[in-house]
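Here is a protein to explore step by step. Keep the sequence and the 3D view side by side as you read.

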Amino acid sequence: MHIVILTNEFPPHIYGGAGVHVEYLVRELVAADDGAHQVTVFSFGDQDVDEGTLRVVGVDPKFDLPHQDERHAKFLDTAARDLVMAGSVPLDADIVHGHTWYSHLAGMLAQQLTGAKLVLTTHSLEPHRPWKVEQLGAAYHASSWVERTAYQNADGVVAVSESMKADVQDLYGVPDERLAVIPNGIDPDEYRPVEKPEVLRRVGVDPDIPYVLFVGRITRQKGIVHLVRALKDLDPGVQVVLAAGAPDTKAIAKEMSDAVDAAREARTESGSAPIVWIEEMLPRPDVIALYSHATVFCCPSVYEPFGIINLEAMACETAVVASAVGGIPSIVVTPEDAAATGEAETGLLVQLDGDADSDFEPRDPDAFARDLAAALNTLLADPDRVAAMGRAGRQRVLDRFSWTAIAAETLRFYASLVEG
C-alpha cells in the first residue's frame with residue numbers, strides 16, 4: 001500500500017504523546033512486510049527526508065493570514081498548512097491517515113481529491129478539552145467543527161482505548177464497523193532502566209534522595225497544578241522533580257508559577273527536600289534517565305485518552321500514581337485489578353470525582369490534591385512494593401504494548417478498508 005500520514009508533529013519537532021505515537025508507528029510501518037509499503041509523511045515543520053520507502057515533507061507556508069483575534073492565528077495557520085498538505089497527497093495514495101484535528105481538514109480534502117481511504121486516530125477529542133477556548137478563542141469552535149466533520153466522514157477510525165471508542169461513538173456516532181481499538185505503544189529497547197546519576201546532577205536533582213517525577217506540558221489537561229498543590233502534604237524527605245514546560249497560555253503559566261512558589265514556601269518551612277522545576281524540553285535520553293531513577297512517577301491528568309507517558313515510566317521500571325481517567329485504567333494495574341485478574345500490580349489510581357458541570361475538572365480540587373498526596377505517600381513508604389511494581393510495569397509493557405504488534409494491527413485495519 002501507499003500510506004500517507006498527516007500530522008502536526010514529527011521528528012525533530014515532537015512535543016506531545018500524539019507526536020511520539022506517529023514517530024514510532026511510521027518507523028514500524030516502513031519496516032513491516034520487508035519494506036513492502038510506501039510511507040509518505042506530511043508534517044508541520046521543515047523536514048525533508050527521502051530514504052527508501054519513506055518520504056517526509058515538512059509544510060511551512062511563508063505567509064501570514066489576516067485574523068479577527070490573535071487567538072485565531074493558530075487555527076488559520078493550521079488551515080493554510082492543511083491546504084498545502086491536501087494538494088500534495090499523491091494520487092496513488094491508498095490510505096490517508098490523519099492524527100489530531102490539526103491534520104483533519106487536509107485529510108478530508110485529500111479523501112475527496114484522491115479517492116484514498118481516510119483514517120483518523122483519536123489522540124484526543126475537542127469537546128473534552130473545553131479549556132482550549134483560552135488558547136483559541138472562537139477558533140476553538142472552528143477546530144471542533146473540523147474534528148466533528150472529519151469523524152463523521154472518515155472511512156475508518158482508530159481509538160486508542162475502549163474509553164476513546166465510547167467517546168467517539170457518543171460524540172460523533174461512528175458505527176462499530178468503522179472503528180478499531182488499537183492502543184498506543186512503547187519501544188522497550190529505547191525506554192528501559194538506565195543508571196545515569198550524572199544526568200540528574202546536571203539538571204539539579206540529587207540522585208541520592210528519592211523523588212516523585214512529573215513529565216509533561218503545562219496544560220490544564222495534564223493536571224499539573226493539582227499535583228503541585230498536593231506537594232505540601234507529600235513526605236518531606238522526598239524530592240519533587242517537575243519536567244514541565246511549554247505552557248498553553250500566559251494565564252496557566254502564571255498559575256503554575258504561583259503554585260510552585262507556594263509549594264516551595266510550604267516545603268521550605270517544614271524542612272522538606274526541594275522541588276526541582278525543569279522548564280526546558282529535555283532530550284529523550286535525559287528524560288529516560290529521570291524516569292529510571294524516579295521512585296514514583298505521577299500522572300495527574302484530568303483528561304487522557306490513552307496516557308502513553310505512563311507506559312514510558314513503566315518501561316523504565318518505575319511505579320505509577322495516576323488519575324483514573326480515559327485510557328489510563330487500561331494501562332495501570334491497581335491492587336483491585338490484581339486481585340480480580342491475577343496480574344501483578346503496577347501502580348495506584350486516584351479518582352477524579354468530576355465536577356457536574358465539567359467531567360474534566362475535579363469537583364473538589366483540594367480533595368483531589370490530598371488523594372494524590374496520599375497515594376504517593378503510600379508508595380513512598382514501601383520501597384519493596386515500589387520496586388515490585390516497577391518490575392511488573394516493564395513486563396506488562398513487553399507483553400502488551402509493542403509497536404511492532406500495533407503496526408501489524410494497523411496494517412490489517414488499512415487492508416480491510418482498501419479491500420472493503
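Start with one definition: a residue is buried when its relative accessible area is under 20%, exposed when it is over 50%, and partly exposed in between, using a 1.4 Å probe and protein chains only. The model is predicted, so local features need pLDDT of at least 70, side-chain atom pairs count only at pLDDT 80 or more, and totals for chains, interfaces and linings use all residues. Residues are numbered from 1 along each chain as its sequence is written, and side-chain values use heavy atoms, with hydrogens and water left out.

Now take in the whole chain. The protein chain holds 15 helices and 16 strands. Helices (H or I, at least four residues) and strands (E, at least two) are DSSP runs, numbered from the N terminus. The radius of gyration is 21 Å, close to the 22 Å that the globule rule gives for 420 residues, so the chain is as compact as a globular protein of that length. That radius is taken over C-alpha atoms, and the globule rule is 2.2 Å times the number of residues to the power 0.38. Along the principal axes, the C-alpha atoms fill a box of roughly 65 × 50 × 40 Å.

How much of the chain is buried? Of the 420 residues, 56% count as buried. The accessible surface comes to about 17,000 Å², and 51% of it belongs to carbon and sulfur atoms. Accessible areas come from the Shrake-Rupley method with a 1.4 Å probe; for residues, only the protein chains shown count as cover.

Next, look at contacts, meaning heavy atoms within 4.5 Å. Among contacts with a separation of 6 or more, 69% are between residues 24 or more positions apart. Asp 286 gives a local example. Asp 286 sits in helix α10 (residues 284-293). Its relative accessibility is 9%, so Asp 286 counts as buried. Leaving aside residues up to four places away in sequence, Asp 286 touches Val 199 and Arg 202.

Turn to the salt bridges. A salt bridge is a side-chain nitrogen of Lys or Arg within 4 Å of a carboxyl oxygen of Asp or Glu. By this rule there are 23 salt bridges. One of them joins Arg 220 and Glu 134, with the closest N and O atoms 2.7 Å apart. This pair links distant parts of the chain, 86 residues apart: Arg 220 is in the loop between β9 (211-217) and α8 (224-230), and Glu 134 is in helix α4 (residues 133-136). Arg 220 is partly exposed at 23%, and Glu 134 is partly exposed at 33%.

Another salt bridge joins Arg 396 and Glu 343 (2.7 Å, N to O). Arg 396 lies in helix α14 (residues 383-400) and Glu 343 in the loop between α12 (335-341) and β14 (347-350), so the pair ties together parts 53 residues apart in sequence. Is Arg 396 buried or exposed? At 9% relative accessibility, Arg 396 counts as buried. Glu 343, at 26%, is partly exposed.

Glu 345 and Arg 385 also meet in a salt bridge (2.8 Å, N to O). Glu 345 lies in the loop between α12 and β14 and Arg 385 in helix α14, so this pair ties together parts 40 residues apart in sequence. Salt bridges that share partners also join Asp 60, Lys 62, Asp 77 and Arg 81 into one network.
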